[in-house]
Amino acid sequence: MRQAGILVGLALLAGCSTHPITGRDQILALPAVQAAHADASFAVSAGLPGTAAPACEQDCGSAENIAAFAARVATIGARLEVSARGIDPELFGQIDNFRVEVNHAIGASTGSSAGGRIAIGAGLARLEPTDTVIAFLIAREMAHVIARHAAENSGASIVFSALGMLLPGINVLARLVATKVGSSMLTRSWEAQQEREADDIAVTLLEHAGLPARVIAPELDSGIKHALLPDGEWAARYLDSVRRVAFIAASAPRVAVVGD
């Protein structure tokens with residue numbers, strides 16, 4: 001068992017591949033295994049699809065407001081999937097479709113799995129986002145799937161778990177701590193690049209859907225209640241995206257979009 005784990009880790013370390021859209025090298029030697037591992041991790045945080053919704057950690061608003069919000073999310077998600085199929089048709093040889101849902105377990109945030117599950121937190125309904133803001137949030141999560149970020153992060157976790165078996169003279173708990181710290185450091189090293197890639201691909205998805213960057217940029221700033229943004233990493237990433245999309249909008253028009 002130990003030898004098998006070590007071989008998996010070494011295979012992943014040697015198995016970098018260049019993503020066809022982002023052009024960046026990623027640890028993707030075992031994409032099916034990495035995707036399954038990433039999906040399992042996402043299910044822990046967001047809950048299994050189709051299960052009963054737990055109460056929001058914060059007030060998500062009335063049932064009627066959540067239902068209306070969910071209807072908007074579903075409509076916009078279906079429109080963006082058409083764009084995604086045009087940008088990256090090969091993705092749909094790996095996933096059947098995007099499954100966009102309003103999720104009560106993640107509060108006012110968003111998330112995505114390698115398998116195409118997109119979770120939009122029910123708590124975001126309280127922020128009264130415009131359709132453009134909702135579209136960007138969905139597109140950004142679709143972009144993480146297109147760029148295979150969850151599978152890439154999963155690869156780092158698998159590598160360090162396998163290599164942790166090589167550490168001599170320490171107990172199981174110490175191995176777990178060491179592998180967790182190592183994988184976290186590696187994923188942090190490319191986190192900023194992943195966020196830039198997600199924003200760029202999201203803008204491309206929206207452009208394909210008829211929303212140019214010059215329209216998206218001001219709405220990301222004004223189309224959501226900033227005062228109600230939760231503290232933490234998700235809100236900080238959103239504000240970074242606002243600034244990044246504004247920069248894209250102010251730049252010269254792109255000759256080609258991602259994936260063309």
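Predicted model: local features only at pLDDT ≥ 70, side-chain atom pairs only at ≥ 80, totals over all residues.
The strands considered here form an open sheet of three members in the order 3-5-4, with mixed pairing. Strand 3 and strand 4 (110-112) are the edge strands, each of them pairing on one side only, and from one strand to the next the twist averages 15 degrees. Strands of a sheet pair through backbone hydrogen bonds, in either a parallel or an antiparallel manner. Between strand 4 and strand 5 the sense is antiparallel, and the pairing extends over three bridges; Thr110, for example, has Ile120 in strand 5 as its bridge partner.

Helix 3 lies across strand 3 and strand 5, and its direction is at about 160 degrees to that of strand 3. The helix comprises 25 residues and spans 35 Å from its first C-alpha to its last, which is close to the 36 Å expected at 1.5 Å a residue. Its buried residues include the nonpolar Ile66, Phe69, Val73, Ile76, Leu80, Ala84 and Ile87, and Gly77, Glu81 and Ser83 are also buried.

In soluble globular proteins, nonpolar side chains tend to be buried together. The largest nonpolar core of the model contains 52 residues, of which Leu80, Phe98 and Tyr238 touch the most other members. At least two residues of this core are supplied by each of helix 3 (63-87), strand 5, helix 4, helix 6 (172-208), helix 7 (213-222) and helix 8, and the largest share, 11 residues, comes from helix 4. Leu80 is also listed among the buried residues of helix 3. For Tyr238, when neighbours within four places in sequence are left aside, the contacts are Val133, Leu137, Arg140, Leu220, Ile224 and Leu229.

Helix 4 (residues 131-146) also contains His144, which counts as buried because its relative accessibility, 12%, is under the 20% cut-off. Residues up to four places away in sequence being excluded, His144 touches Ser112, His149, Gln194, Glu195 and Ala198.

Side chains of opposite charge can pair when their charged atoms come close. A search of the whole structure finds seven salt bridges, and among them is the pair formed by Arg117 and Glu101, with the closest N and O atoms 2.9 Å apart. This pair links distant parts of the chain, since Arg117 belongs to strand 5 (residues 117-121) and Glu101 to strand 3 (residues 99-103), at a separation of 16 residues. Both partners are buried: Arg117 has a relative accessibility of 5%, and Glu101 has a relative accessible area of 19%, so that it falls under the 20% limit.

An α-helix has 3.6 residues a turn, so residues three or four places apart point the same way. Asp240 is partly exposed, with a relative accessible area of 32%, whereas Arg243 counts as exposed because its relative accessibility of 52% is over the 50% cut-off.

Most residues other than glycine have a negative phi. Glu128, although not a glycine, has a positive phi of about 50 degrees; this residue is placed in the loop between strand 5 and helix 4 and counts as exposed, at 51% relative accessibility. Arg148, which is not a glycine either, has a positive phi of about 60 degrees. The loop that holds Arg148 runs between helix 4 and helix 5 (149-163), and at 23% relative accessibility Arg148 counts as partly exposed.

Key: Residues numbered from 1 in each chain as written. Heavy atoms only, no water. Salt bridge = Lys/Arg side-chain N within 4 Å of Asp/Glu carboxyl O. Helix = DSSP H or I, 4+ residues; strand = E, 2+ residues; numbered from the N terminus. Buried < 20%, exposed > 50% of the residue type's maximum accessible area, 1.4 Å probe, protein only. Contact = heavy atoms within 4.5 Å. Core = buried A, V, L, I, M, F, W, Y, C linked by side-chain atoms within 4.5 Å. Expected span 1.5 Å × (residues − 1). Pairing = 2+ DSSP bridges. Axes fitted to C-alpha atoms, helices over the stretch in contact; angles between N-to-C directions.
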